Amino acid sequence: MRRIGVLRRPGLVLRLAVPLLLGGGWELAVRLSGVPHWILPGPLAVGRALVEGLPVLLPALAVTLAVTLGALVVAAAGGILLALAIALSPLLEAALLPLAVTLQVIPLVAVAPVILLYVERVETALVLCAALVAFFPVLAGTLSGLERAGTAERRLFALYHASRWQELVHLRLPTALPHLLAGLRVGGTLALVGAVVAEFAAGHAGSRAGLAFRILEAGWRLDIPRMYAALVLLAASGLVLHALLRGIERAVLRRFHLAPREGS
Amino acid sequence: MNTVLALEGVRHVYPNGLHALDGLDLALAEGSFTALLGPSGCGKTTTLHIAAGLLAPTAGRVRRREDPPPPGSVGFVFQEPVLLPWLDVWHNVALPLRLLRRPRAEIDGRVAALLRTVGLAALPRLHPDELSGGMRMRVAVARALVTDPRLVLMDEPFAALDELARFRLDDELQRLWLARRFTVLFVTHSVYESVYLAQRVLVMGPRPGRIVAEIPVHEPHPRDAAFRTSARFAELCRTVLAALARSGATEAAA
Ligand SMILES: Nc1ncnc2c1ncn2[C@@H]1O[C@H](COP(=O)(O)OP(=O)(O)OP(=O)(O)O)[C@@H](O)[C@H]1O
Ligand SMILES: [Mg+2]
């Protein structure tokens, strides 16, 4: 039986249908029940608030994304370097890994005020806070990837008396690449979450306001549609960021012939 | 006999207590081609790892003409190709020379020569995921020989290939060996392959493994398809098969 294009891709249909149904149901529920928009706005009201609020929200988003990207860069560099250090030396592992895990288990909301206390520039503090949560998946991914080199491959390197460093650069690091990139993808979305949480903790974002501050501000003013609009913008940025990192991941894996074989 | 490598009374017990080898004696004359045959799990791979210096035996002696062997003087073809998927054919073959920090000009020359030898000179930029099983094995052979080793250890290198591909690679290997006269220890499950290639077939008994029979194959090299169909070949195969059966091998070797 021949079927039209979209029906052959039930995933795509669901991807579009679920938000539409949810949105439609929400709008309908709001209208029928007559809930005032300052308690629960419908999607249409949120859309209107989004369009009207863009001149304020977009610059705020830019501030938050700048913190996010800065944090991702710091987290990537820190996570990868730390993983390499740990992989090269058991002593460094004993010294550093417990520290990294400790940093990971303390919630960011609890640490952020402490960091904000000591770091003069608020922007720097925010980047540090967000990097703190983004860094662990990168570290964990890279570390587990570095252990994935097979025994046969290691024997090959041993046959030619490869040094630890040679084994790391020519075998363990390339083997780790897929895991490193997966860690980076998870870290990227966490960096966004971290940036927002840190902004909340700061209460302001130095000279320029981020998205979290705009959400707080809208709350103080009981501008609930604006709050929702900011949330929508945040979610959309998260999705775009995730898709972007996923795209980079796929491209790099293909480039290095590490992508899983495509089925039929 | 000009011995390159000798294992004397070698015993190996793995850390988990598994007794893999006991009383293994083996001597390889310079430039000789020896096949090692035996039931699955009898310790053939263990023997090769000890011969390569990748594993220290629990007891017994390993004598080499040069000890420790200079890096690059031993080539190893593993049962699987063990290619690095992110490197193309050229870089996979070049890997040993790069690990040994040889000069760039030398690497270029050696890799080009070996790719020509194994018939892959036209495809240096392909990656392992773009090669057939036979081509991957050729890359592995080229990589094992790229340092011009004096001792070449091969662990059922062509076992995963179909019969015809295996015949072709056997002939290529024979040609290379005649040209360079390195010493070969060749593990195989195939009685026919061992008789076709080797000057001497060693048969191992079941675990803990040791050599239980030695069958010389005096037929001169190069050998060709005519030898494979000769009565002499069939008779040698029968002899090896009988030795294998006497050794207590439970599974039929082919
Ligand atoms: N790393 C290891 N740890 C523990 N036992 C091992 C290890 N490697 C091999 N063995 C055991 O030692 C014995 C000999 O193994 P080996 O791989 O040398 O056999 P083999 O003759 O090469 O077998 P096959 O023909 O199936 O490849 C086997 O019983 C195996 O289970
Ligand atoms: Mg084996």
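Start by selecting chains A and B together: 20 residues of chain A are in contact with 27 residues of chain B, where contact means heavy atoms within 4.5 Å. This is a predicted model, in which local features need pLDDT of at least 70 and side-chain atom pairs count only at pLDDT 80 or more, while totals for chains, interfaces and linings use all residues. For finding your way, residues are numbered from 1 along each chain as its sequence is written, chains are lettered from A and ligands numbered from 1 in the order in which they are written, and side-chain values use heavy atoms, with hydrogens and water left out.

**The interface**

The size of an interface is often given as the accessible area lost when the parts come together. Between chain A and chain B the buried area is about 2,100 Å², with carbon and sulfur atoms giving 69% of that area; buried area here is the accessible area (1.4 Å probe) that two parts lose on being put together, summed over both. Now highlight A:Leu159, A:Tyr160 and A:His257, which supply 36% of the area that chain A buries against chain B, more than any other three residues.

**Ligand 1**

Next, centre on ligand 1 and show the 15 residues around it, each with a heavy atom within 4 Å of the ligand. Coming nearest are B:Ser40, B:Gly41, B:Lys44, B:Thr45 and B:Thr46. That shell divides into four nonpolar, eight polar and three charged residues. (Ala, Val, Leu, Ile, Met, Phe, Trp, Tyr, Cys and Pro count as nonpolar, Asp, Glu, Lys and Arg as charged, and the others, Gly among them, as polar.) Colour helix H1 (residues 44-52) of chain B, which gives the most to the shell, with three residues; helices are DSSP runs (H or I, at least four residues), numbered from the N terminus.

- B:Ser40: an N or O atom in the side chain is 2.6 Å from an oxygen atom of ligand 1.
- B:Thr45: an N or O atom in the side chain is 2.7 Å from an oxygen atom of ligand 1.
- B:Cys42: a polar backbone atom is 3.2 Å from an oxygen atom of ligand 1.

The protein covers 68% of the 630 Å² of accessible area (Shrake-Rupley method, 1.4 Å probe) that ligand 1 has on its own.

**Confidence**

Finally, colour by pLDDT, the predictor's confidence in each residue, from 0 to 100. Chain A averages 89, and chain B averages 92. Within chain B, helix H5 (residues 163-180) is lowest at a mean of 90, and helix H2 (residues 89-99) is highest at 98. Also select residues 250-254 of chain B, where the pLDDT is below 50; beyond near neighbours in sequence, this stretch has eleven contacts in the model. The model scores ipTM 0.91 and pTM 0.87.

Definitions and conventions
Polar contact = N/O pair within 3.5 Å; in protein donor to acceptor, adjacent residues only side chain to side chain. Helix = DSSP H or I, 4+ residues; strand = E, 2+ residues; numbered from the N terminus.
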